[in-house]
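The following exercises take one protein chain from its overall architecture to single residues. Each task is followed by a solution in steps.

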Amino acid sequence: MASQYGRYGYRRITVELGKAGWCVGKDRVQRIWRREGLKVPQKQRPRGRLWLNDGSCVRLRPERENHVWSYDFVSACTHDGRTLRLLTLIDEYTRKCLAIRVARRLNSYDLIETLADVMLVNGIPEHIRSDNGPEFVAEQLRKWLAGVGAKTLYIEPGSPWENGYCESFNGKLKDECLNGEIFYSLKEAQVLAERWRTYYNTERPHSSLGYRPPAPVTWQIEVPSVHGKVGSKQRFPLFHASDCGGELTNSPSALH
């Protein structure tokens with residue numbers, strides 16, 4: 001388990017042990033974790049306040065699903081040193097990762113295409129938060145977002161902590177996926193990033209959600225029947241931004 005979840009702390013390991021059928025408390029796991037030297041906590045860097053002195057909030061806090069999305073870029077590279085750029089998009093309330101797009105270059109038109117694909121499946125957010133990078137403040141993107149009814153929220157320049165949800169997610173992506181892989185091609189990076197996104201959404205324990213994943217797979221409850229036992233089956237398949245080839249109903253016309 002330490003080799004599989006080497007970047008986890010003892011709390012998440014306790015959750016994983018419980019899933020595997022081990023009845024053990026987190027204090028015992030912590031003692032073993034420390035004794036074996038399996039995880040060295042990183043020093044916490046000082047960060048700016050998210051609240052003003054009068055108690056008012058600097059940023060809009062998410063209150064429901066599709067209330068606030070946020071997106072940002074993450075950099076990586078293939079084994080030959082060529083740059084990879086990853087666009088990450090999350091729902092701040094549910095913590096669900098809505099998309100990870102991997103390419104050599106990404107511009108405002110690529111952002112529009114990615115957002116349109118995700119909105120067709122998940123709906124249109126009320127707000128979308130980002131920094132002031134040239135792709136995010138491009139006139140084409142701002143006009144398109146205004147046309148579909150999504151308001152932009154730009155953080156203060158040089159204040160990445162104001163986009164804390166996305167920064168936290170990007171840290172996990174780099175720590176648990178990007179830093180531990182050698183990518184030999186763009187396609188390999190795309191496949192592995194999507195695989196990790198699926199794992200993050202459906203299996204990975206999230207501390208802010210009571211150590212539950214953001215979008216766990218839903219299974220039908222087994223019920224006895226006169227014809228025998230009905231096996232569990234997945235009721236609601238997971239849809240991803242890259243799986244939008246099928247026909248969708250109730251699609252917002254403004255996305256086209």
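The chain contains six helices and five strands, where helices (H or I, at least four residues) and strands (E, at least two) are DSSP runs, numbered from the N terminus. The model is predicted: local features need pLDDT of at least 70, side-chain atom pairs count only at pLDDT 80 or more, and totals for chains, interfaces and linings use all residues. Residues are numbered from 1 along each chain as its sequence is written, and side-chain values use heavy atoms, with hydrogens and water left out.

**Exercise 1. Overall architecture**

Task: State the pattern that the chain follows along the sequence, and the percentage of its 256 residues that count as buried.

Solution. Step 1: read along the sequence, the pattern is α-α-β-β-β-α-β-α-β-α-α. Step 2: buried residues (under 20% relative accessible area; exposed is over 50%, partly exposed in between, with a 1.4 Å probe and protein chains only) make up 38% of the 256 residues. Step 3: a contact means heavy atoms within 4.5 Å; among contacts between residues at least 6 apart in sequence, 60% join residues at least 24 apart.

**Exercise 2. Packing of helix 3 with helix 4**

Task: Determine at what angle helix 3 and helix 4 pack, and which residues meet.

Solution. Step 1: helix 3 (residues 108-122) and helix 4 (residues 139-148) pack at about 20°, with axes 9 Å apart. Axes are lines fitted to C-alpha atoms, for helices over the stretch in contact, and angles run from 0 to 180 degrees between N-to-C directions. Step 2: this angle makes helix 3 roughly parallel to helix 4, given that angles under 35 degrees count as roughly parallel, over 145 as roughly antiparallel, 65 to 115 as roughly perpendicular and the rest as oblique. Step 3: from helix 3, S108, Y109, L111, I112, L115, A116 and M119 meet Q140, L141, W144, L145 and V148 of helix 4. Step 4: by class, this contact has 10 nonpolar, two polar and no charged residues. Ala, Val, Leu, Ile, Met, Phe, Trp, Tyr, Cys and Pro count as nonpolar, Asp, Glu, Lys and Arg as charged, and the others, Gly among them, as polar.

**Exercise 3. Aromatic pairs and S130**

Task: Find how many aromatic pairs the whole structure has, classify the pair of Y71 and F136, and list what S130 touches.

Solution. Step 1: there are five aromatic pairs. Rings of Phe, Tyr and Trp (its six-membered ring) pair if their centres lie within 6.5 Å; planes under 30 degrees apart count as stacked, over 60 as edge-to-face and the rest as tilted. Step 2: Y71 and F136 are 4.6 Å apart, centre to centre, with 45° between the planes, a tilted pair. Step 3: this pair links Y71 in strand 1 (residues 68-77) with F136 in the loop between strand 4 (127-130) and helix 4, 65 residues apart. Step 4: both Y71 and F136 are buried, and ring pairs join Y71, F73 and F136 into a cluster. Step 5: S130 in strand 4 counts as buried at 2% relative accessibility. Not counting residues up to four places away in sequence, S130 touches Y71, F136, L153, Y154, I155 and N163.

**Exercise 4. Positive phi**

Task: Locate N66 and R95, and give the phi of N66 and of R95.

Solution. Step 1: N66 lies in the loop between helix 2 (26-35) and strand 1, and R95 in the loop between strand 2 and strand 3. Step 2: N66, not a glycine, has a positive phi of about 65°; R95, not a glycine, has one of about 70°. Step 3: N66 is buried with a relative accessible area of 16%, and R95 counts as buried at 18% relative accessibility.
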